[in-house]
Amino acid sequence: MSTLGERLVQARKFRGYKTQDALAAATENVVTRNAIANIESGRNNAQAPVVDLLCRTLQISKEWLVSGDGQMSVLQESDIYNELCKKY
């Protein structure tokens, strides 16, 4: 089973944030690059408000991020298609 940090890396990359800096910028640096790095590496546990903001930013399920249960994405396939069309 994967850890919260591993799931965060997976979701970050899935949503197109290649770096921790890019994800931090998407949160308007409310969650810093260092905080993201510490969560991804397992050095620190994420506090509930941080988890909530990361889930909203990445449009992922809180249940999936925290426990690994359920589906990662809270978007429907058509939403994902539309997001990809915007990027490319």
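Q: What makes the largest nonpolar core a core, and which residues have the most contacts inside it?
A: In this predicted model, the largest nonpolar core has 16 residues, and Leu 8, Ile 60 and Leu 65 have the most contacts inside it. The set is called a core because its members are buried residues joined through side-chain atoms within 4.5 Å. Helix 1 (4-14), helix 2 (20-26), helix 3 (33-41), helix 4 and helix 5 (62-67) each supply at least two of its residues. Helix 4 gives the largest share of this core, five residues.

Q: With which residues is Leu 65 in contact, leaving aside its neighbours within four places in sequence?
A: Beyond those neighbours, Leu 65 is in contact with Leu 4, Arg 7, Leu 8, Val 51, Cys 55 and Ile 60.

Q: Why is Cys 55 called buried?
A: Its relative accessible area is 7%. Buried means under 20%, so Cys 55 counts as buried.

Q: Why does Cys 85 count as partly exposed?
A: Cys 85 has a relative accessibility of 42%.

Q: How many disulfides does a search of the whole structure find?
A: The search finds zero disulfides; a pair of cysteine sulfur atoms within 2.5 Å would be needed for one.

Q: How much space lies in the largest pocket, and which residues are closest to its centre?
A: The largest pocket holds about 230 Å³ of space. Of its 12 lining residues, Phe 14, Arg 15, Gly 16, Glu 83 and Lys 87 are the closest to the centre. Helix 6 supplies the largest share of the lining, four residues.

Conventions
Residues numbered from 1 in each chain as written. Predicted model: local features only at pLDDT ≥ 70, side-chain atom pairs only at ≥ 80, totals over all residues. Heavy atoms only, no water. 1 Å grid on protein atoms, 1.4 Å probe; cavity = no way out; pocket = protein on both sides within 12 Å on 5 of 7 lines; lining within 4 Å. Points joined across faces, edges and corners; volume = space filled by probe spheres on them. Buried < 20%, exposed > 50% of the residue type's maximum accessible area, 1.4 Å probe, protein only. Contact = heavy atoms within 4.5 Å.
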